[in-house]
Amino acid sequence: GADAEVRSMSMVLQRLPCWAFVLVQVAFGAAFAAIVVAALLVPPFDARRCAVPGCAPVPLRSYRATRAGAAGLVLNVSDVSPYNHQLHLVMAVRQPARAEGDTARHSYNLTLYQRTVADTLVLVSEGERAHELSCDVGSDYCSNVTIENIAFVSYERYETTVAVVDFDTDMAAPLDEVEFYFVYRDEGFVLFELWLRFALMLVTLAVLFAYALRLHLSKYTWMRLHVEQRWTLVLLGALLLQCNPITFVEVLVPYSWVPELLDRVLQSIFTCLLLLFFLVIFDALRGKSANTAAHAPLRFYTPKVLFVAILLMAQIASSVWREIRVLSDPYVYDERWSPTAIFITALFVLFLVVYAVWLIYLMVRACCDARHAVELGVRVRFFLYVTLALVTVQIVAIVLTATRVMGVSADLVVSIGAVSLYVYFLALMYTPARTATAHEAQRATNAAGMTKFVDEDDGVVEVDDDSDDGGGGDDDDDGAESD
């Protein structure tokens with residue numbers, strides 16, 4: 001009788017009655033909503049400062065470059081620091097007059113001379129460059145022109161001289177009223193992000209230590225753990241990459257592009273591990289009837305790892321290509337929709353669509369199989385609910401950012417905070433129950449293959465681990481994961 005009451009490696013999730021399960025889900029949703037609300041209060045991602053006193057329009061046409069030199073317009077910015085990361089000098093030009101009924105998109109050519117020096121009279125860049133202005137109907141201004149893009153802010157003051165070399169005749173009047181402003185990363189947001197990542201790193205270390213210690217004290221071997229418990233431990237370690245313990249190096253080493261690229265690579269690795277986590281868990285929670293090769297981990301993991309690895313390599317290659325382009329051509333900031341960028345974006349969208357179809361298929365199959373394996377029902381439902389909540393929050397943040405309801409800084413905070421909360425919540429619910437000890441594990445193994453689980457109705461269900469109904473006990477979990 002006592003042996004029949006023992007569970008095989010029970011998790012906190014499996015001990016919750018129905019009302020507690022619902023309450024936990026509500027609390028999780030409320031925490032997600034609180035993150036979105038808090039993100040609206042963070043400082044803006046970019047700061048903008050007028051390049052001329054009073055932000056007055058400038059008659060740029062009167063500043064002409066000659067063979068003897070450029071008697072150009074002098075624009076300067078001061079009190080900047082490595083916290084501001086990059087520095088862009090942007091020019092806004094009003095549209096030329098349109099004929100009545102003209103709704104076409106017009107393009108104009110403009111060639112400018114620019115020379116930028118730092119506060120110690122160090123030459124940063126100098127030369128002429130042709131710019132193309134695209135003017136759409138319904139807008140007062142043509143597309144912005146990035147005159148200068150300083151990849152790493154290394155000095156406190158910069159001065160740029162701008163002069164006109166050549167322009168289309170239709171641009172003569174608009175060039176009499178040109179606006180200039182500097183754009184850089186807001187120092188308040190940079191400091192906020194540094195402290196946020198540092199705090200999340202400390203919390204992640206604490207949760208990782210507590211979770212690993214609880215697994216160790218349960219005295220269960222690695223293979224006796226549920227698949228969710230194993231991968232949650234991996235995900236907690238990977239979450240340190242999201243926090244990026246060396247983020248401060250980006251500020252302390254302003255002359256190098258390596259820290260920023262390394263941060264993008266670490267973010268990409270964590271994101272791809274999270275995508276792999278979704279595929280593995282939903283596939284591993286399917287019953288025996290869905291398995292085609294029991295105890296074949298290579299067959300189970302290889303397609304998933306290869307697919308996600310392709311996404312990772314593509315993302316890293318894109319980041320490296322972007323950094324090289326910025327270093328070789330400081331004006332690449334103004335070329336967001338070049339043919340290469342369009343190709344890379346289309347490739348990503350294609351892979352994401354394939355991934356989404358694959359994931360939805362696994363989710364549907366897992367839910368269908370859970371109907372025939374009672375002990376898996378609560379585990380599938382829980383993971384489905386929290387994962388859909390995370391995806392929903394991320395989609396809402398992206399939509400709000402695209403519609404300019406929420407800034408880029410808020411979107412970053414939601415992404416970091418929501419994912420961290422998601423992993424912490426999984427660690428809490430997948431923690432071994434207090435009765436999950438090595439002695440009980442041995443008793444559960446010797447109890448004629450009978451394992452006990454609690455479903456959402458708080459009823460007790462005994463399942464024969466050797467039956468063919470699928471999903472019984474930890475051995476079935478391992479088989480499902482291995483398939």
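The following questions and answers concern a predicted model of a protein chain.

Student: What mean pLDDT does the protein chain have, and which element has the lowest mean?
Tutor: The protein chain averages a pLDDT of 77, and 79% of the residues score at least 70. Among the elements, strand β10 (residues 178–185) has the highest mean, 91. The lowest mean, 35, belongs to strand β11 (residues 450–454).

Student: Over which residues does the pLDDT stay below 50, and how many contacts beyond near neighbours does the model have there?
Tutor: Residues 1–8 stay under 50, and the model has 21 contacts for them beyond four places in sequence. Where pLDDT is low, the predicted coordinates should not be read in detail. The pLDDT is also below 50 over residues 436–483, and beyond near neighbours in sequence the contacts of this stretch number 117.

Student: Which residues is F383 in contact with, leaving aside neighbours within four places in sequence?
Tutor: F383 is one of the residues that touch the most other members of the largest core. Beyond four places in sequence, its contacts are F277, F278, I281, F282, Y422, L426 and Y430.

Student: Is β10 mostly covered or mostly exposed, and how many of its residues are buried?
Tutor: Strand β10 pairs with β1 in the antiparallel sense over five bridges, and Y184 in β10 is the bridge partner of A47. Seven bridges join β10 to β5, again antiparallel, with V93 opposite V178. β10 is mostly covered, and of its eight residues the number buried is seven.

Student: Are D176 and R61 buried, partly exposed or exposed?
Tutor: The relative accessible area of D176 is 31%, and that of R61 is 32%. Buried means under 20% and exposed over 50%. Because D176 falls in between, as does R61, each counts as partly exposed.

Student: Why does the salt bridge of R94 and E177 tie together separate parts of the chain?
Tutor: Their side chains meet at 4.0 Å, N to O. R94 is partly exposed at 33%, and E177 likewise at 43%. R94 lies in the loop between β5 (87–93) and β6 (106–118) and E177 in the loop between β9 and β10, so the parts tied together are 83 residues apart in sequence.

Student: Which residue is linked with E193 and R197 in a network of salt bridges?
Tutor: E193 and R197 are both in helix α3, four residues apart, about one turn of the helix. Both are buried, and their closest N and O atoms are 3.2 Å apart in a salt bridge. The network also includes D263.

Key. Residues numbered from 1 in each chain as written. Predicted model: local features only at pLDDT ≥ 70, side-chain atom pairs only at ≥ 80, totals over all residues. Heavy atoms only, no water. Core = buried A, V, L, I, M, F, W, Y, C linked by side-chain atoms within 4.5 Å. Buried < 20%, exposed > 50% of the residue type's maximum accessible area, 1.4 Å probe, protein only. Contact = heavy atoms within 4.5 Å. pLDDT = per-residue confidence, 0-100. Helix = DSSP H or I, 4+ residues; strand = E, 2+ residues; numbered from the N terminus. Pairing = 2+ DSSP bridges.
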